[in-house]
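Please read them with the structure open.

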Amino acid sequence: MTRGRSDMKDNKRLAAQIVELVGGNGNIDMLTHCMTRLRFVLKDDGKAETDKLKATDGVMGVVNSGGQFQVVIGNGVENVYNEVSRLTDNKTEEAAASGGKKKGLDRFFDALSAIFVPIIPAIAGAGMLKGLLALLVLFKWTSDQANTFIVLNTISDTVFYFLPVLLAFSAARKFGCNPMIAAAIGAVLLHPNFTGMVADGNVRIDFAGIPFTLMNYSASVLPILLGIWLMSYLEKFIKSWMPKSLDLVFTPLLTLIVIVPVILIVIGPLGIWCGNALSAGFSFLYDKFTFVAGALLGALYPLLVMTGMHYGLLPIMLQNLSTNGYDVILALCAAGNTAVAGVVFGVYLKVRNRSTKAIAASSTVSGIIGIIEPGLYGIVIKSKKTLAAVFAGGAAGGVIMGLFRVRNTGFGLNPLGGLPVFFGDTFVYYLIGIGVAFAVSAVTAYLAGFPEDNRQ
């Protein structure tokens, strides 16, 4: 009980310091968080005292990227977020759905982050279950015809099958439109009337005399994202002239009867085609330049994490799962994550400074599970040598993953936090890949050394 109260006080203290050092409540336009970071959109980044923030006890680092001022907290970010939120009038992402001052690619990556982060736990849980079921069947501990297997397999498939509904709800929160209407639009695309017609091969249909091709939207990504983005503008337009007394009924009515046909006739087929082309394009590059793709993504993935650009890979991975039933990108990302954990472990073995050693020890554990930010900001970015060691280990592991085309059937933390999603024919090569990444990066970091201060 005493410990819990102490943690609450620490969170409140840290929250107050962060709000003050980012320029105060009046300088904050938006507040959200991901797995390890508080993400602010500030009115004036120049008012933030970055150096003082970095030196604040409880802050692991600060990144100003993608139109967001990001304060790295670590695993306890949600507790700090709750306290900061209370101090900032709950300026959550819904309060600034327009994206504020962000432009171009900044807005794109911010949107991807805001949409995908809330649904990652559902995807990860379903992916883990799918991996465990594959292991049970592989070792013949159950049959894929057993009732229990069928029930569990349905649970694991449901999140991916109804992905358009989850994405619709999350996208609506980001784009500032009605999330329930958005979810209903996603559900319409998966209605048994449509899915049954597609299954029977009756894909030619028309709406008001306009012919179109009916498609399978289960597990699709781009059609619903584009549709809800368009819906956000349509809804705002309707509300601009709709009398408030009629808004409750007629705004949803008009939104549904306009957006759904537009998705079915135009956006849906275009989105499916673009998604398939994206997946096919990556598969082509991966097949033709396996070593290059593995080495580059394995080496550079930690840098993508630092900038938040790694969320740009999620639509491609989801499309791969939808199109092929498996994905190969996550294994390359796992090589990069493992390299960070390996470097931090190498530093732990090398240094004598007690403070650095303690940070390295805890960061090694979290890094092996799949949370690399503590190691990235606490150790890696402090030296060019450790950064080079990450590149070396990530590239080595990525080449192994690419050479043996390591596959995953779902999502999870990596290298070890989501291990079951890699169960299958290439699992042993996954273990070899992360083993090589860890060993190369750890040895390189140990031999290269790490700058220390005199504190013990």
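In which hand of crossing does helix 12 pass helix 14? The crossing is right-handed; a crossing is right-handed if the near helix is turned clockwise from the far one by less than a right angle, and left-handed if anticlockwise.

1. Basis of the notes. This is a predicted model, in which local features need pLDDT of at least 70 and side-chain atom pairs count only at pLDDT 80 or more, while totals for chains, interfaces and linings use all residues. Residues are numbered from 1 along each chain as its sequence is written, and side-chain values use heavy atoms, with hydrogens and water left out.

2. Helix 12 and helix 14. Helix 12 covers residues 290–307 and helix 14 covers residues 329–350; helices are DSSP runs of H or I with at least four residues, strands are runs of E with at least two, and both are numbered from the N terminus. The two helices pack at an angle of about 50 degrees, and their axes are 7 Å apart. Axes here are lines fitted to C-alpha atoms, for helices over the stretch in contact, and angles run from 0 to 180 degrees between N-to-C directions. Helix 12 and helix 14 are therefore oblique to each other. Angles under 35 degrees count as roughly parallel, over 145 as roughly antiparallel, 65 to 115 as roughly perpendicular, and the rest as oblique.

3. Residues between helix 12 and helix 14. On the side of helix 12, the contact is made by A293, G294, L297, G298, Y301 and P302. Helix 14 contributes I329, L332, C333, A335, G336, N337 and V340. Contact means heavy atoms within 4.5 Å. By class, these residues are nine nonpolar, four polar and no charged. Ala, Val, Leu, Ile, Met, Phe, Trp, Tyr, Cys and Pro count as nonpolar, Asp, Glu, Lys and Arg as charged, and the others, Gly among them, as polar.

4. A295. This residue is also found in helix 12. Leaving aside neighbours within four places in sequence, A295 is in contact with A395, G398 and V399.

5. Helix 7 and helix 10. Helix 7 (residues 163–175) packs against helix 10 (residues 222–241) at an angle of about 40 degrees, with axes 9 Å apart. This pair is therefore oblique, and helix 7 passes helix 10 in a right-handed crossing. P164, L167, A168, A171, A172 and F175 of helix 7 meet I224, L225, I228, W229, S232 and K236 of helix 10. The contact has 10 nonpolar residues, one polar and one charged.

6. Helix 8 and helix 11. Helix 8 (residues 179–189) and helix 11 pack at an angle of about 40 degrees, with their axes 10 Å apart. That makes helix 8 oblique to helix 11. The crossing of this pair is right-handed. From helix 8 the contact takes I181, I185, V188 and L189, and from helix 11 it takes P252, T255, L256, I259, V260, I263 and L264. These residues divide into 10 nonpolar, one polar and no charged.

7. I267. Helix 11 (residues 244–288) also holds I267. I267 is buried, at a relative accessible area of 11%; buried means under 20% relative accessible area, exposed over 50%, and partly exposed in between, with a 1.4 Å probe and protein chains only. Beyond four places in sequence, I267 is in contact with P223, L226, G227, L230 and V262.

8. Helix 13. Eight of the 11 residues of helix 13 (residues 314–324) are buried, so this helix is largely enclosed by the rest of the structure. The buried residues are L314, P315, I316, M317, L318, Q319, N320 and L321. Just after helix 13, G325 takes a positive phi of about 85 degrees.

9. Nonpolar cores. The largest nonpolar core has 93 residues, of which F116, L167, I185, I228 and F411 touch the most other members. Its largest share, 11 residues, comes from helix 14. Apart from this core lies another of 22 residues, among them V22, L38, F69 and V84. A nonpolar core is a set of buried Ala, Val, Leu, Ile, Met, Phe, Trp, Tyr and Cys residues joined through side-chain atoms within 4.5 Å.

10. V63. Strand 3 (residues 61–65) contains V63, which counts as buried at 12% relative accessibility. V63 and M306 are 243 residues apart in sequence, yet 7.4 Å apart in space, C-alpha to C-alpha.
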